[in-house]
Amino acid sequence: MGQQIAQTLSDRHGFSVDAVAHMLQAVYNGNGSMAQFSHPEFGGSGQWMSGGMMMLGDMFNQNLKYRVSALCEDCARSIAENQNGTQSGVFQSQSQSGGSNYQDQTSGSHGGQNDLFAPDPRSNWWPQELGSPTASGSQNQTRYAYFANERRLAVATGDDVWVYDTLQHNIGGFSQQQSGDGSITFTSQFGTVSLATLPVVSRNGVPVPPPQTVPEPAPIPEPVQQPFYNEPAPSIAPAQQPAPSQNQPESAPANPSQNPASSDVFETIDRLGNLLDKGYITQEEFNQKKSNLLDRI
């Protein structure tokens, strides 16, 4: 039946059967109300939405725009006539341009069945315990399946299937950088976020343990600085002597020369004598200073 409808629409709109089959799949993936497609007969990549919105790579070709829009309307009508169940959702993948950058999307879960399409062998590539995805899509060699209720996101790159924890994100679309490292980003209520920021739950069905945090090493205490051997030993304060009793008279020195004050006087007189010899003071000044100093003894 699907081949017959593709042939009928091909004859009606003047496109090849391959181009019509491509558009039927694109409209089906868009839940019958929108399509993202990429085919040379449609001017490369483009978008269609029921209600009149049409974007083509060959943007100035108005005749082609009308023909593709009419084909999309007939594809949507044929899909609705053969649909068993419905698909729902608001997820959209971001469109890409260029001959090698292909992307499709499914707006909602895969609950609907259609008699026009054979089962896709790539369907249900995600872990079955996640159930039916809220939305799914593909871009180039990368496929996505978002499970909003489970807070999980499955991403297939080549033969590897990664499952991520979406945390608090409500994902609305994906994008893959076409230059540089080809990093994958997604959009949520927090803006554009890198996929690498989400924690990995499993890879190819094998749980991935969370990364272990390495505890910070304890600070090394600073060594106590030891004194050098040639440093003098700390001086010990002499023991305080008891104050002399007021009843005991102060003992006078046995020899006046042992009086510290007398020793200072004699040293001062010797220095004055040196000054006199050098002519810095007169004999009269020397005699006067000497007499004053001797009076202190």
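Student: To start, is aspartate 74 buried or exposed?

Tutor: This is a predicted model. In it, aspartate 74 counts as buried, because its relative accessibility is 10%, and buried means under 20%.

Student: Which residue forms a salt bridge with aspartate 74?

Tutor: Arginine 77 does, and the closest N and O atoms of the pair are 2.5 Å apart. Both residues belong to helix α3, which covers residues 62–81. They are 3 residues apart, about one turn of the helix.

Student: And arginine 77, how accessible is that one?

Tutor: Arginine 77 has 45% relative accessibility and counts as partly exposed.

Student: How many salt bridges does the count come to?

Tutor: The count comes to 4 salt bridges.

Student: What is the N to O distance for aspartate 165 and arginine 152?

Tutor: Their side chains meet in a salt bridge at 3.4 Å, N to O. Aspartate 165 lies in strand β10 (residues 160–165) and arginine 152 in strand β9 (residues 152–157), so this pair ties together parts that are 13 residues apart in sequence. Aspartate 165 is buried at 16% relative accessibility, whereas arginine 152 is partly exposed with a relative accessible area of 22%.

Student: Where do arginine 203 and aspartate 160 lie?

Tutor: The side chains of arginine 203 and aspartate 160 meet in a salt bridge at 3.0 Å, N to O. Arginine 203 is in strand β14 (residues 200–203) and aspartate 160 is in strand β10, so the pair ties together parts that are 43 residues apart in sequence. Arginine 203 is partly exposed at 37% relative accessibility, and aspartate 160 is partly exposed at 22%.

Student: Which residues do shared partners join into one network?

Tutor: Salt bridges that share partners join Arg12, Asp74 and Arg77 into one network.

Student: Changing topic to the helices: how do α1 and α3 cross?

Tutor: The axes of α1 (residues 2–13) and α3 come within 11 Å and cross at roughly 155°. That makes α1 roughly antiparallel to α3, because angles over 145 degrees count as roughly antiparallel. The crossing is right-handed.

Student: Which residues make the contact?

Tutor: From α1, they are Ile5, Leu9, Arg12 and His13. From α3, they are Arg67, Ala70, Leu71, Asp74, Cys75 and Ser78.

Student: And what is the make-up of that contact by class?

Tutor: The contact of α1 with α3 has 5 nonpolar, 2 polar and 3 charged residues. Arg12 and Asp74 are among the residues in this contact, and both also belong to the salt-bridge network with Arg77.

Definitions and conventions
Residues numbered from 1 in each chain as written. Predicted model: local features only at pLDDT ≥ 70, side-chain atom pairs only at ≥ 80, totals over all residues. Heavy atoms only, no water. Helix = DSSP H or I, 4+ residues; strand = E, 2+ residues; numbered from the N terminus. Buried < 20%, exposed > 50% of the residue type's maximum accessible area, 1.4 Å probe, protein only. Axes fitted to C-alpha atoms, helices over the stretch in contact; angles between N-to-C directions. Parallel < 35°, antiparallel > 145°, perpendicular 65-115°, else oblique. Left-handed = near helix turned anticlockwise from the far one by under 90°. Contact = heavy atoms within 4.5 Å. Nonpolar A, V, L, I, M, F, W, Y, C, P; charged D, E, K, R; others polar.
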